[in-house]
Amino acid sequence: MSEKSNLLTLEELRSRMTLVNETLVENLNDYFTVAGQIGRVKDALGLPYFDAAREAEMISNVVDKNPGPVPDDLLKKIFREIFSVSIEVMMLQKKMGLQVNRLPGMADAVVTTPHAAIGGKRKVLIGGPCAVESRDQMMSIAQHLHGLGINILRGGAFKPRTSPYSFQGLEEEGLRIMRETCDAFEMDMVTEVLSARDVGLVSQYADILQVGTRNMFNYTLLKELGQSQKPVFLKRGLMATIDEFVLAAEYVYAGGNTQVILCERGIRTFENQTRNTLDISAVPILKNLTPLPVIVDVSHSLGRKDIIAPVARAALAAGADGIMFEAHSNPEVALSDCEQQLTPDEVADLVAALGQIAELS
């Protein structure tokens with residue numbers, strides 16, 4: 001028999017490769033099944049998925065048992081890639097176990113308040129001043145907003161400010177003023193709660209409890225809000241990833257409170273034309289990941305008024321369930337964020353612009 005006749009044909013080699021591939025798939029599935037089990041144990045123990053010392057040990061063992069012909073360097077590269085993917089499997093497994101995940105066929109969640117349904121077919125508008133300054137101030141702007149069909153009033157009674165010497169809010173007096181205003185105009189009240197110890201106090205007045213961007217990582221506060229019966233308006237941290245944002249919502253969910261509203265309010269980047277950079281892409285991503293309502297805060301993301309209308313329209317087009325904005329009857333004398341608060345006439349223009357593309361509640 002000639003040497004040529006001993007060679008396998010191309011078709012025979014392809015058939016053999018198919019069998020090898022099937023074996024590889026079977027072995028890889030076994031490998032990642034074990035990796036998933038390891039991930040669950042590490043989650044329970046609070047250990048990180050990646051362990052550099054353990055990876056080096058496993059690669060060393062693989063190389064020691066390498067019979068060839070695969071070169072050791074190439075084998076190391078292959079297994080590092082496998083180890084990397086195993087970490088992705090662990091992370092994906094953890095994500096799929098979250099209560100806030102959107103499961104196949106799951107309908108959008110709707111958070112119902114006394115005067116609104118957030119997450120339904122109609123888009124909601126949330127407006128009001130940065131801070132509660134006086135009874136007259138709140139009554140004045142609330143009257144204008146109510147006249148435009150806006151039924152959720154925002155305003156800060158406790159104000160977390162970068163400088164300790166800036167206006168810090170009227171605290172409980174501000175809560176009383178805001179509650180009185182909302183009752184007068186049949187509006188829902190959303191205001192920020194700064195710490196776990198204030199949840200009980202703010203809950204006595206507010207319909208929706210807001211977690212500001214600085215507190216998205218305040219897990220003690222999030223756990224306390226998980227015990228609350230009030231809806232939670234959770235703002236994305238100014239330097240938070242989307243995954244971190246979703247996990248913050250999970251903290252509230254894990255406590256038993258499923259009334260969570262997500263708010264994209266811009267993230268900090270190197271761009272200085274706006275106060276922050278509004279991550280429009282986060283809106284459809286969050287809607288894909290979770291069934292939760294998503295609101296976009298166009299005031300804190302932009303920090304300027306001249307482009308609010310087109311950006312708000314873009315947010316609704318991207319799938320946002322509503323828009324939050326700041327408004328003041330006389331922004332020039334506002335005690336905080338005067339440059340980004342809309343006048344009553346500017347609010348009317350915004351409502352008209354949004355009403356052209358969406359059904360507003």
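Q: Is Gln-37 buried, partly exposed or exposed?
A: Let's start with where this residue sits in the predicted model: Gln-37 belongs to helix H1, residues 10–45. Its relative accessible area is 41%. Buried would mean under 20% and exposed over 50%. The value of 41% lies between those cut-offs, so Gln-37 is partly exposed.

Q: What distance separates the C-alpha atoms of Gln-37 and Met-90?
A: Along the chain, Gln-37 and Met-90 are 53 residues apart.

Q: Which strands form the closed barrel, and what is the average twist from one strand to the next?
A: Eight strands make up the closed barrel, with parallel pairing, in the order E3-E4-E5-E6-E7-E8-E9-E10. From one strand to the next, the twist averages 25 degrees.

Q: Which residue of E10 stands opposite Gly-127?
A: Look at strand E3, residues 124–128, and strand E10, residues 322–326. These two run parallel and are joined by five bridges. Opposite Gly-127 stands Phe-325.

Q: Which residues stand opposite Ile-208 and Gln-210 of E6?
A: Strand E5 (residues 188–192) runs parallel to E6, with three bridges joining them. E6 also pairs in the parallel sense with strand E7 (residues 232–235), again over three bridges. Ile-208 faces a residue called Val-190, and Gln-210 faces one in E7, Phe-233.

Q: Through which helix does the chain cross from E6 to E7, and what is the hand of the crossover?
A: The path from E6 to E7 is a β-α-β crossover. The chain passes through helix H7 (residues 219–226), and the crossover is right-handed.

Q: Are H4 and H5 roughly parallel or roughly antiparallel to each other?
A: The axes of helix H4 (residues 135–147) and helix H5 (residues 172–185) come within 10 Å and cross at roughly 30 degrees. Angles under 35 degrees count as roughly parallel. H4 and H5 are therefore roughly parallel.

Q: Which residues of H5 make the contact with H4?
A: H4 passes H5 in a right-handed crossing. From H4, the contact involves Arg-135, Met-138, Met-139, Ala-142, Gln-143 and His-146. From H5, the residues are Ile-177, Met-178, Glu-180, Thr-181, Ala-184 and Phe-185.

How values were computed: Residues are numbered from 1 along each chain as its sequence is written. This is a predicted model: local features need pLDDT of at least 70, side-chain atom pairs count only at pLDDT 80 or more; totals for chains, interfaces and linings use all residues. Side-chain values use heavy atoms; hydrogens and water are left out. Two strands pair if DSSP finds at least two bridges between them. Helices (H or I, at least four residues) and strands (E, at least two) are DSSP runs, numbered from the N terminus. A crossover is right-handed if, with the strands pointing away from the viewer, the path from the first strand over the helix to the second runs clockwise. Axes are lines fitted to C-alpha atoms, for helices over the stretch in contact, and angles run from 0 to 180 degrees between N-to-C directions. Angles under 35 degrees count as roughly parallel, over 145 as roughly antiparallel, 65 to 115 as roughly perpendicular and the rest as oblique. A crossing is left-handed if the near helix is turned anticlockwise from the far one by less than a right angle, and right-handed if clockwise. Contact means heavy atoms within 4.5 Å. Buried means under 20% relative accessible area, exposed over 50%, partly exposed in between (1.4 Å probe, protein chains only).
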